Amino acid sequence: MDRGSPVPLYFQLAQQLEAAIEQGELAPGSLLGNEIDLAGRLGLSRPTVRQAIQSLVDKGLLVRRRGVGTQVVHSQVKRPLELSSLYDDLEAAGQRPATRVLRHTVQPATAQVAAALGVPEGADVVLVERLRLAHGEPMAHLRNHLPSGLLTLESAALEETGLYRLLRGAGITLHSARQTVGARAATADEAERLAESTGAPLLTMERTTFDDTGRAIEFGSHTYRASRYAFEFQLLVRP
């Protein structure tokens, strides 16, 4: 701790703890010990330690459990805005992804889906609806529509790996995507599905992905827990 810095001590401690969580030094499930012990070991006041811990509780990185203490949940997934799948991003972040297939069916394309995929409204499209988890906790609800006949998908395969890996495995080259990111409050159904409170903030994403021939190969409409997930941007100055 730099006691001569204008940065408050609680913020310095919170940054150090967050870095330890991000780098895996404090693994999910780790206990921090009580505030009195931490304050004594670090030579800080108890209110300083409490404020640092509360800031990480508010970020969703720590949780206070009665009878257990303060426990590491997991680091927030920061997903770069590039053409990658959530499964690959979670795996790269060491988050142990898992998938639960909720629906896998063929249905008529709505006007929105038809416009995105470039097919007639009412044409058959494949719907894949999944719940993506990390460390056993729900992270995102994923709905993907694909043109009928694009490839053969099995629910068992969708539970074992990501959709983009299956597309690439079928010889489809992912080339580009058009994507919109937003946010809104969770409905009661969404909150129950994602283990959040009704009205909790959710991130939303709609993406249409194209192959190297310019053909639309999937339209995704996804919701993410804002407490566990963030989109990361890199901005460049225009010359």
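What is the mean pLDDT of the chain, and what share of its residues reach 70 or more? The mean is 84, and 87% of the residues reach 70 or more; pLDDT is the predictor's confidence in each residue, from 0 to 100.

This is a predicted model, in which local features need pLDDT of at least 70, side-chain atom pairs count only at pLDDT 80 or more, and totals for chains, interfaces and linings use all residues. Residues are numbered from 1 along each chain as its sequence is written, and side-chain values use heavy atoms, with hydrogens and water left out.

**Whole chain**

Start with everything selected. The chain has eight helices and ten strands. These are DSSP runs numbered from the N terminus: helices are H or I with at least four residues, strands are E with at least two. Of the 239 residues, 43% count as buried (buried is under 20% relative accessible area, exposed over 50%, partly exposed in between; 1.4 Å probe, protein chains only). The chain exposes about 12,600 Å², 50% of it from carbon and sulfur atoms (Shrake-Rupley method, 1.4 Å probe).

**Helix H3**

Select residues 46–58. The end C-alpha atoms of H3 are 18 Å apart, which agrees with the 18 Å that its 13 residues should span at 1.5 Å a residue (the expected span is 1.5 Å times one less than the number of residues).

Show side chains next. Thr-48, Val-49, Ala-52, Ile-53 and Leu-56 are buried. They cover an arc of only 130° around the axis, which puts them on the same side of H3 (the arc is that of the directions from the helix axis to the C-beta atoms). What do the buried residues of H3 pack against? Select helix H1 (9–22), helix H2 (35–42), strand E1 (62–65) and strand E2 (69–72). Then step to Gly-60, which follows H3 and has a positive phi, near 85°.

**The aromatic pair**

The structure holds one aromatic pair. Its ring centres, in Tyr-10 and Phe-11, are 6.3 Å apart with planes at 80°, so the pair is edge-to-face (centres within 6.5 Å; planes under 30 degrees apart are stacked, over 60 edge-to-face, the rest tilted). Tyr-10 is partly exposed at 24% relative accessibility. Phe-11 is partly exposed too, at 38%.

**Thr-99**

Finish in strand E4 (residues 97–108), at Thr-99. Thr-99 is buried, with a relative accessible area of 9%.

Terms used: Contact = heavy atoms within 4.5 Å. Phe/Tyr/Trp six-rings, centres within 6.5 Å; stacked < 30°, edge-to-face > 60°.
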